Amino acid sequence: MKSLFIIFLLAVRCGVAVGVIRQYIYVNTIKDWPDAKSYCKKYYRDLANVTSMEENNRLVASGPGSGWIGLRKGFFNRSEVFLNWDSSCVTSEANCVYTSNSGLWYCDYCTNIKSFYCDQFLNLVKEKKTWEEAQEFCRTNYTGLSSVSSETSLRQLNLLSVGTEKLWIGLRFIDGQWLRVNGERLESPVSMPSCPAQPYSCGALNTTTNTLQILNCNERLNFLCY
């Protein structure tokens with residue numbers, strides 16, 4: 001089962017409980033390594049960082065194929081960084097690292113093009129707000145409301161949601177289409193109604209059924225920031 005590991009839980013900001021997890025996102029678009037890194041920084045956090053075999057297994061499970069990850073030879077301290085590359089990468093003249101379907105890492109020239117993996121940190125905020133209030137809180141204290149791009153990321157988000165049935169996420173019906181708060185359209189396989197009735201135009205994660213749900217934007221829920 002594709003899932004995400006809970007890294008830690010802590011209390012911050014005047015008693016508001018916040019859970020933090022790392023989410024991996026497979027991007028099925030081919031780019032060279034620098035452009036892939038720029039894309040991930042724009043829409044998520046960065047090219048995927050992998051610090052353990054457990055994280056490596058989860059990254060591979062989050063996508064259907066091989067792709068760039070956020071590692072370049074010569075830009076790390078070998079004693080502190082988890083490495084899972086094939087022996088051929090050690091002697092290769094190529095510097096940029098990509099994961100294979102098996103989970104082993106290989107090196108290739110940074111100017112070659114591949115699909116890639118991004119990551120981001122998600123924060124569960126246990127303070128009930130309207131969708132607009134949640135969006136403003138996330139923008140002020142983090143980056144924004146978290147987004148859902150696929151059934152895989154839906155399951156990943158669900159793991160953090162223990163103790164609350166519904167959560168606001170960064171999804172809203174605007175100008176005739178469902179948009180994530182980072183401006184990207186919501187693509188299949190996640191399906192939403194094509195013409196929701198106002199004010200039922202905000203997206204939430206139902207943690208009981210592990211599905212997306214359309215709710216009144218003025219309803220007060222806990223929420224996920226990234």
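A residue counts as buried when its relative accessible area is under 20%. Thr-99, at 1% relative accessibility, is therefore buried. Welcome to this predicted model, whose protein averages a pLDDT of 79, with 75% of the residues scoring at least 70.

**Confidence along the chain**

- Of the protein's elements, strand E5 (residues 96-99) has the highest mean pLDDT, at 95, while strand E1 (residues 6-12) has the lowest, at 34.
- Over residues 1-15 the pLDDT stays under 50, and the model has 37 contacts beyond four places in sequence for this stretch.
- Where pLDDT is low, the predicted coordinates should not be read in detail.

**Thr-99 and its surroundings**

- You can find Thr-99 in strand E5.
- Leaving out residues up to four places away in sequence, Thr-99 touches Leu-59, Val-60, Ser-66, Gly-67, Ile-69, Leu-104, Trp-105 and Tyr-117.

**The disulfide of Cys-96 and Cys-110**

- The sulfur atoms of Cys-96 and Cys-110 are 1.9 Å apart, and the two residues form a disulfide.
- Because Cys-96 lies in strand E5 and Cys-110 in the loop between strand E6 (105-108) and strand E7 (114-129), the pair ties together parts that are 14 residues apart in sequence.
- The torsion about their S-S bond is about 95°, so this disulfide is right-handed.
- Cys-96 and Cys-110 are both buried.

**The disulfide of Cys-138 and Cys-225**

- Cys-138 and Cys-225 also form a disulfide, with 2.0 Å between their sulfur atoms.
- Helix H4 (residues 131-141) holds Cys-138 and strand E12 (residues 221-225) holds Cys-225, so this pair ties together parts that are 87 residues apart in sequence.
- The link of Cys-138 and Cys-225 is left-handed, with -70° about the S-S bond.
- Both Cys-138 and Cys-225 are buried.

**The disulfide of Cys-202 and Cys-217**

- In the disulfide of Cys-202 and Cys-217, the sulfur atoms are 2.0 Å apart.
- This pair links distant parts of the chain, 15 residues apart: Cys-202 is in strand E10 (residues 202-206), and Cys-217 is in the loop between strand E11 (211-215) and E12.
- With 100° about the S-S bond, the link of Cys-202 and Cys-217 is right-handed.
- Cys-202 is buried, with a relative accessible area of 0%, and Cys-217 counts as buried at 6% relative accessibility.

**The pairing pattern**

- If you number the protein's bonded cysteines in sequence order, the pairing reads 1-6, 2-4, 3-5, 7-10, 8-9.

Conventions
Residues numbered from 1 in each chain as written. Predicted model: local features only at pLDDT ≥ 70, side-chain atom pairs only at ≥ 80, totals over all residues. Heavy atoms only, no water. pLDDT = per-residue confidence, 0-100. Helix = DSSP H or I, 4+ residues; strand = E, 2+ residues; numbered from the N terminus. Contact = heavy atoms within 4.5 Å. Buried < 20%, exposed > 50% of the residue type's maximum accessible area, 1.4 Å probe, protein only. Disulfide = S-S within 2.5 Å.
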